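Subject: A structure for you to explore

Hi there,

Here is the structure I promised to pass on to you. Please open it beside this email and follow along as you read.

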Amino acid sequence: MSVKDFSKTFLDNLSLSAFHSPRGRKNFNLHLDYAEPCQRLFNAIGIESYIPPHRHHQDPKEETLIAVKGLFALIIFDEAGEIKQISEFGTEKFLTQGVANVGVELSPDAWHTVLALVEGSILLEVKSGPFIASAAKENAPWAPAEDSSDAAYYFGNLKKLVTTK
């Protein structure tokens, strides 16, 4: 039996990779392949990284997100794209600052996005496998695609809503 250690250096290097990535995020898979029954990965997300609202309805599996480093906002939308709920979650450091959760679990039919609220934030994602890329994510029809000209404006509005919550 072997042990994998995830040190501060590992986390810092993952955050740095995300910072230098064109999309502002970087994942590190713990599972060895997509056929494994449990998909586990670290996801470093920068504060300027726009993850378009989506859901996992086509491959209906719950998704668990746990803050490993930093602070996040989960935004849940209704079918028309109106915000239903904003939940902040973060590491123990942020629990003493009024944040109530260290993580969240999402049903596959929940339209959602995640925003990093402090630079260097990393979450641990856990989801049942196998991972089926063609059915993994359904992007919301009412939200701009990540590479669209409307993405920056939309993302900016989401950030304003989170910071004024």
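A residue is called buried when its relative accessible area is under 20%, exposed when that area is over 50%, and partly exposed in between (1.4 Å probe, protein chains only). By that rule Phe131 is partly exposed, because its relative accessible area is 35%.

Before we go on, please note that this is a predicted model, in which local features need pLDDT of at least 70 and side-chain atom pairs count only at pLDDT 80 or more, while totals for chains, interfaces and linings use all residues. Residues are numbered from 1 along each chain as its sequence is written, and side-chain values use heavy atoms, with hydrogens and water left out.

Let's start with the sheet. Five strands form an open sheet in the order S1-S2-S9-S4-S7, with antiparallel pairing. Strands (E, at least two residues) and helices (H or I, at least four) are DSSP runs numbered from the N terminus, and two strands pair if DSSP finds at least two bridges between them. At the edges are S1 (25-29) and S7 (103-106), each pairing on one side only. Further in, six bridges join S4 (residues 63-69) to the antiparallel S9 (residues 121-128). Across that pairing, Leu65 stands opposite Glu125 in S9. Helix H1 (residues 8-20) packs on the sheet and touches S1, S2 (38-45), S4 and S9; a contact here means heavy atoms within 4.5 Å.

Next, the aromatic rings. The structure holds ten aromatic pairs. Rings of Phe, Tyr and Trp (its six-membered ring) pair if their centres lie within 6.5 Å; planes under 30 degrees apart are stacked, over 60 edge-to-face, and the rest tilted. Phe6 is partly exposed at 34%, whereas Phe10 counts as buried at 19%. Tyr34 and Phe131 also form a tilted pair, with 4.7 Å between centres and 55 degrees between planes. This pair links distant parts of the chain, 97 residues apart: Tyr34 lies in the loop between S1 and S2, and Phe131 in the loop between S9 and S10 (138-139).

Finally, have a look at Arg55, which is found in strand S3 (residues 54-55). Is Arg55 buried or exposed? Arg55 counts as buried, because its relative accessibility is 11%. A polar contact of 3.3 Å joins its side chain to that of Glu79. Such a contact is a pair of N or O atoms within 3.5 Å; within protein, one must be able to donate a hydrogen and the other to accept it, and residues adjacent in sequence count only if both atoms are side-chain atoms.

Enjoy exploring!

Definitions and conventions
Axes fitted to C-alpha atoms, helices over the stretch in contact; angles between N-to-C directions.
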